[in-house]
Amino acid sequence: MAGKKREIQLQTVINSQSLWDEMLQNKGLTVIDVYQAWCGPCKAMQTLFRKLKNELNEDEILHFVVAEADSVAALQPFRDNCEPIFLFSVNGKIVSKIEGANAPLVNKTIINLVNDEKKIAAGEIVRPQYHEIGLVGSNAEVGRSASKDTLDRIYSIAIIKPEARNTGKTMEIKENIVNAGFVIEAEDNRVLTENQVREFYSQIAEQPDFEEFVSLMTHSLSCVLVVSRSSEQVPLLEEEIISKSETEPQEPPEGQPEMDPSSLVKKKWDSLEEYLVKENMHQFCDVEEDVDNVNKLIDIFFPDFKNMKLEKTLAFLRPDLFQEKKEDVLNIIKNEGFHILMQRPVVLSEEEARTLCKEYENENYFDKVIENMTSGPSLALVLVRENCLQHWKELIGPSTVGEAKQYFPDSLCAQFAMENLPINQLYGSDSPEAAEREIQYFFPPQNTLAVIKPQATHAQREMIFSRIKEAGFDIIQMKEILLTKEHADKIYYKIAQKDFYNGVLEVLSEGPSLVMILSKWNAIADWRRLMGPTDPSEAKFLSPNSLRAQFGINLLKNAVHGSSNATEAMQSINNIFEEVVPENPENPEEN
């Protein structure tokens, strides 16, 4: 029954305001783990709480609860917080707050507060005058407004049209949107379906050239964005301040103090569409801001947007663990709900090892750590799931074995400790920014050329696009083109002298093909694996889930094509997209 208080192990669940108010009637100390509904309580701390409960044996004055921020009105300021929050209530007053799973500090705080309560009960000390921590700011209206902004954030849907992508303006438009104080919450490069175009552009459906417009939008790559308003003010750039000073009075009015330059902020735009019009970017980017329409479009373009907060992290198994217990760790990773997006063995250089193990550089065993890290292959992985960074860090535990065994005996650090080194045999990124940087370093993106042939129907194209996205590819560029012999020679130059090449040209002449640049780590091999064997009949036997098995007709009409190696990929891309300004002009290194 909703709202009913029940016991889960040692912690009482608080999932309504009435249960929160009831909890504040507890005598003594109540330790509150504030959690988000989408990520759950902090499992890593439960072993510590159980240990303290058993050792202190003070059930009358020590209580443990988990409180769902989304269901308790008093906890609104903590909603959408990815980091664990621990509150400490003494006789109904919140007297301390700790952010993050800091086990030593939580342990010390609980012991000190319990000891105070025992001394008070024994008459040894008078009750200290604790400073009560307010859960909202002193201005209640501001607090309510901030909470409402968190709960009811206003979103827009923006579509950067193909002509912007084809002229290299996509990055510029996104940068301008962010600099204007908006936040890009989600984005996806995709070819829109006919239904998606008609839904988004329904207000111009009566225009005479609408059908031509629909055809353009369904045959070229667009960039779809979910954009929200930032709650922070955006400071003026230096050149903007100089520009303002040229057109505004230099001296403040008599009797008025000079304006602090640090207080200069840009206009905070309430409408993304107004901003794009003002910046003359509206011809490249269309926006929907009606709340009802936006909610409907989010469900169409990003069906998991409201319910899932997927993150990526870099995970590392150090050499000894990789050699001895790899399968055990991988099974735990999968059982904990992580998806392994990419993985590869990697032998670190000394410089790379020193960077990755920087937190140990002041320890007397640092040189031994570096020697171990460069002694053989480690396993690098990219993990994906909701609340990925926090969950992985909690799962692996602290950075040293001693702390793990004392405070987190169930952590992977304690479970997979190696006798030769006192450090955690696993690693995880510290922040989303670090994760992105480290993933780019260990899994540098690679480009490959991909072709969807004319025989693929519109519906089959959509299914192929879905498979491409599911496999983790980014579509960097795309164009629909009739592959005449001149164009085909630029892609199939390796077989241009073969007897069967005329048959290839005949197939390609039956209609326009979609030519794409796909990007991800190991893109060439992964795309060839996704395509499957060249002959669809063979593919159905050897790789039944491959694209050629599902959509191919015969050896020539086999649905898709891809480059065989990095040299061929680079040459074909340069040949076909030579007139296109690239979105990422740097060529990734060949792996």
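Author: Start with Ile160, which stands opposite Cys223 in S9. That pair sits where strand S7 (residues 155-160) and strand S9 (residues 222-229) run alongside each other, pairing in the antiparallel sense over six bridges. A quick word on terms: two strands count as paired if DSSP finds at least two bridges between them. Helices (H or I, at least four residues) and strands (E, at least two) are DSSP runs, numbered from the N terminus.

Before going further, keep in mind that this is a predicted model, where local features need pLDDT of at least 70, side-chain atom pairs count only at pLDDT 80 or more, and totals for chains, interfaces and linings use all residues. Residues are numbered from 1 along each chain as its sequence is written, and side-chain values use heavy atoms, with hydrogens and water left out.

S7 and S9 belong to an open sheet of four strands, in the order S8-S9-S7-S10, with antiparallel pairing. Strand S8 (182-190) and strand S10 (285-288) are the edge strands; each has a single partner strand, so one side of each is left without a neighbour in the sheet. On average, neighbouring strands here are turned by 20° against each other, direction ignored. For angles, axes are lines fitted to C-alpha atoms (for helices, over the stretch in contact), and values run from 0 to 180 degrees between N-to-C directions.

What packs on this sheet? Helix H6 (residues 170-179) does, touching S7, S8, S9 and S10, and its direction makes about 160° with that of S8. Helix H11 (residues 291-301) packs on the sheet too, touching S7, S8, S9 and S10, with its direction at about 55° to that of S7. Contact, by the way, means heavy atoms within 4.5 Å.

And the chain around this part? The secondary structure of the protein chain comes to 25 helices and 18 strands. Buried residues make up 47% of its 591 residues; buried means under 20% relative accessible area, exposed over 50%, and partly exposed in between (1.4 Å probe, protein chains only). If you look at contacts between residues at least 6 apart in sequence, 76% join residues at least 24 apart.
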